Structure formats: C-alpha cells, structure tokens
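My plan is to jot down what I look up, one entry at a time.

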Amino acid sequence: MATIEPITLRIEISGNPHPQPRPRFVKGQGVVSTIGPRVKRWRIALADAIHSAAADVGEAEVERLHNGALALELLFRIPAEAKRHDWIGQHHHLRPDTDNLAKPVMDELQAAHVLPDDGRIARLVVDKVWCHPRDAGCVIVLSGLKAPRVGRPPGSGKAPAWLADAETTTPP
C-alpha cells in the first residue's frame with residue numbers, strides 16, 4: 001500500500017506585518033475593538049494571499065489538511081529603520097509580540113477554510129527578523145504532520161511511571 005505524503009502549503013505575503021490588537025475596555029462603552037486601518041489592510045493582504053494559494057493547490061489538496069495534526073511555521077520580516085541597516089538579518093526581539101503576529105494569520109487561515117480549527121496545530125514555529133523595508137512581509141508554511149513514534153526512550157528496559165498511563169490510552 002502506498003503512503004500519502006502530507007501536504008505542504010507555502011504562502012508568501014508582502015507588506016508590513018501587523019499584530020492582532022487586544023480589545024480594550026472603555027468606560028461607558030464596554031469592550032471595544034482597537035483594530036485600525038493598518039491592521040485591516042494587513043488582514044486583507046493575508047486573506048487574499050491565502051485564498052490565492054488555496055486555489056492554486058486545489059480544493060482536494062486543501063481538504064487533506066483537514067485530517068490530523070498540523071505544523072504551522074511563520075517567518076515575519078519586520079522592516080528596520082533606515083538608520084538601523086546593521087539590524088537587517090538579525091532576530092527581531094522587540095514588539096510586536098510573536099503570539100499577536102501569529103493570531104491574525106491563524107484567524108485568516110480558518111476564515112479561508114484552509115485551517116479547520118487552530119486546535120489542529122500541534123507544532124507552531126514563529127520567527128521574526130529585521131529586513132530592508134522593501135522585503136517586509138510574512139512566509140507561511142502549513143503542513144500535515146506524520147504520526148509520531150511513541151515508545152520507550154532508547155536504552156531503557158521499561159517506560160517511566162509517568163508514561164505508563166499514556167501507553168495504555170489511545171489518542172482521540
């Protein structure tokens with residue numbers, strides 16, 4: 001029987017990445033959205049790129065992503081100020097936070113029905129690097145994961161006590 005290789009969907013988006021802002025409490029108004037026009041433009045660029053990539057691979061291939069665990073790898077290229085050209089290529093370790101950058105990507109993947117549920121993501125890797133302003137953007141790689149091999153650690157005669165329960169149960 002032939003094995004089916006997991007699908008990989010690669011998407012590249014140009015533009016300045018913007019994080020998902022948190023809703024704020026405003027006295028007399030309750031919780032209000034703080035999504036501004038720059039975030040809206042970024043989300044539209046994300047949605048357009050995701051829909052285009054999904055159309056390119058086809059509905060049948062996208063449907064294959066709906067089974068099993070997924071890996072999501074994100075590379076955000078954040079533009080460096082002109083006076084900071086020495087930062088280009090270095091890790092970006094300032095705001096925006098990586099989790100706030102990843103959230104709109106996952107939301108748009110779900111809205112496009114490429115990602116059935118972000119709970120399916122078993123492996124999430126987010127990198128931020130400084131770049132020249134013309135290279136700003138994001139690279140998204142969404143792929144199916146093969147089932148991990150579960151077993152005893154190499155060289156041990158029996159499983160540790162904490163793993164004994166895990167070996168007798170089956171994943172959902």
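This is a predicted model: local features need pLDDT of at least 70, side-chain atom pairs count only at pLDDT 80 or more; totals for chains, interfaces and linings use all residues.

**Entry 1: Asp56**

I looked up Asp56 to begin with, and it is exposed, with a relative accessible area of 67%; exposed means over 50%, buried under 20% and partly exposed in between (1.4 Å probe, protein chains only). Asp56 sits in helix 1. For helices I take DSSP runs of H or I with at least four residues, and for strands runs of E with at least two, numbered from the N terminus.

Residues are numbered from 1 along each chain as its sequence is written, and side-chain values use heavy atoms, with hydrogens and water left out.

**Entry 2: the whole chain**

I found four helices and six strands, and along the sequence they follow the pattern β-β-β-α-α-β-α-β-β-α. Of the 172 residues in the chain, 33% are buried. I then looked at contacts (heavy atoms within 4.5 Å). Among those between residues at least 6 apart in sequence, 84% join residues at least 24 apart.

**Entry 3: the sheet**

In what order do the four strands of the open sheet run? I read 1-6-4-5, with mixed pairing; two strands pair if DSSP finds at least two bridges between them. Strand 1 (8-14) and strand 5 (121-131) are at the edges with a single partner strand each, so one side of each has no neighbour in the sheet. Neighbouring strands are turned by 10 degrees against each other on average, direction ignored.

Strand 1 pairs with strand 6 (residues 137-144) in the antiparallel sense, over seven bridges. I noted Leu9 opposite Leu142 and Glu12 opposite Val139.

**Entry 4: helix 1 meets helix 3**

I checked how helix 1 (residues 37-57) passes helix 3: their axes come within 9 Å and cross at roughly 45 degrees. Axes here are lines fitted to C-alpha atoms, for helices over the stretch in contact, and angles run from 0 to 180 degrees between N-to-C directions. The two helices are therefore oblique to each other; under 35 degrees would count as roughly parallel, over 145 as roughly antiparallel, 65 to 115 as roughly perpendicular, and the rest is oblique.

Helix 1 brings Arg43, Leu46, Ala47 and Ile50 to the contact, and helix 3 brings Pro104, Val105, Asp107, Glu108 and Leu109. I sorted these residues into six nonpolar, no polar and three charged. My classes: Ala, Val, Leu, Ile, Met, Phe, Trp, Tyr, Cys and Pro are nonpolar, Asp, Glu, Lys and Arg are charged, and the others, Gly among them, are polar.

**Entry 5: helix 3 and Asn100**

I followed helix 3 across strand 1, strand 4 (70-79), strand 5 and strand 6, and it runs at about 125 degrees to strand 4. Asn100 belongs to helix 3 (residues 98-111). Is Asn100 buried or exposed? Asn100 is buried, with a relative accessible area of 15%. Leaving out residues up to four places away in sequence, I see Asn100 touching Pro19, Gln20 and Arg22.
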